[in-house]
Amino acid sequence: MAIRFEVRGEYIQLDQLLKAAGLVDSGGAAHAAVENGLVKVDGKPESRKRAKLRPGQRVSFAGEAVELVAEGAE
């Protein structure tokens with residue numbers, strides 16, 4: 001089952017999401033994961049650490065999936 005993460009505002013940056021969702025312990029670890037090609041967005045490897053992610057997108061990392069939803073969505 002995917003982790004549902006509410007996006008406050010228009011978007012969240014990939015590195016911030018990884019940390020906020022508890023998938024990494026630090027921003028440095030988030031950057032390393034992205035640089036090493038370990039993070040996928042909508043099923044495709046993402047190489048931009050600060051990629052802008054919006055509700056409706058899905059991030060996969062370390063066997064976990066995060067589904068982005070708009071703030072207040074059920």
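**Loop between S6 and S7.** I began with Ala62, which I found in the loop between S6 and strand S7 (64-70), bearing in mind that this is a predicted model. I looked up its backbone angle and noted a phi near 50°, a positive value in a residue other than glycine.

**Loop between S3 and S4.** I then turned to Asp42, which sits in the loop joining strand S3 (40-41) to strand S4 (44-45). For Asp42 I again wrote down a positive phi, here about 55°, although the residue is not a glycine. With a relative accessible area of 44%, Asp42 is partly exposed, since the exposed class begins over 50%.

**Helix H2.** Which residues of helix H2 (residues 27-35) are buried? I listed Ala30, His31, Ala33 and Val34. Looking down the axis of H2, I saw that these buried residues fall within an arc of 160°, and therefore they line one face of the helix. I set beside this the general rule that an α-helix has 3.6 residues a turn, so residues three or four places apart point the same way. On the face of H2 turned away from the buried side I recorded the exposed residues Gly28 and Glu35. What do the buried residues of H2 pack against? I traced their partners to helix H1 (14-20) and to strand S6 (58-61). After H2 comes Gly37, for which I noted a positive phi near 75°.

**Order of elements.** I counted 2 helices and 7 strands in the protein, and from the N terminus on I wrote their order as β-β-α-α-β-β-β-β-β. Among contacts between residues at least 6 apart in sequence, I found that 51% join residues at least 24 apart.

**Overall dimensions and surface.** I compared the radius of gyration of the protein, 11 Å, with the value near 11 Å for a compact globule of 74 residues, and the two agree. I also noted that the C-alpha atoms fill a box of roughly 35 × 20 × 20 Å along the principal axes. Of the 74 residues, 36% count as buried, while the accessible surface comes to about 4,600 Å², with 45% of that area belonging to carbon and sulfur atoms.

**Charges.** Last, I looked up the charged side chains and found 11 positive and 11 negative ones, the centres of the two sets lying 5 Å apart.

Note on methods:
Residues are numbered from 1 along each chain as its sequence is written. This is a predicted model: local features need pLDDT of at least 70, side-chain atom pairs count only at pLDDT 80 or more; totals for chains, interfaces and linings use all residues. Side-chain values use heavy atoms; hydrogens and water are left out. Helices (H or I, at least four residues) and strands (E, at least two) are DSSP runs, numbered from the N terminus. The radius of gyration is taken over C-alpha atoms; the globule rule is 2.2 Å times the number of residues to the power 0.38. Buried means under 20% relative accessible area, exposed over 50%, partly exposed in between (1.4 Å probe, protein chains only). Contact means heavy atoms within 4.5 Å. Accessible areas come from the Shrake-Rupley method with a 1.4 Å probe; for residues, only the protein chains shown count as cover. Lys and Arg count as positive and Asp and Glu as negative; His and the chain ends are not counted. The place of a charge is taken as NZ of Lys, CZ of Arg, CG of Asp or CD of Glu. The arc is that of the directions from the helix axis to the C-beta atoms.
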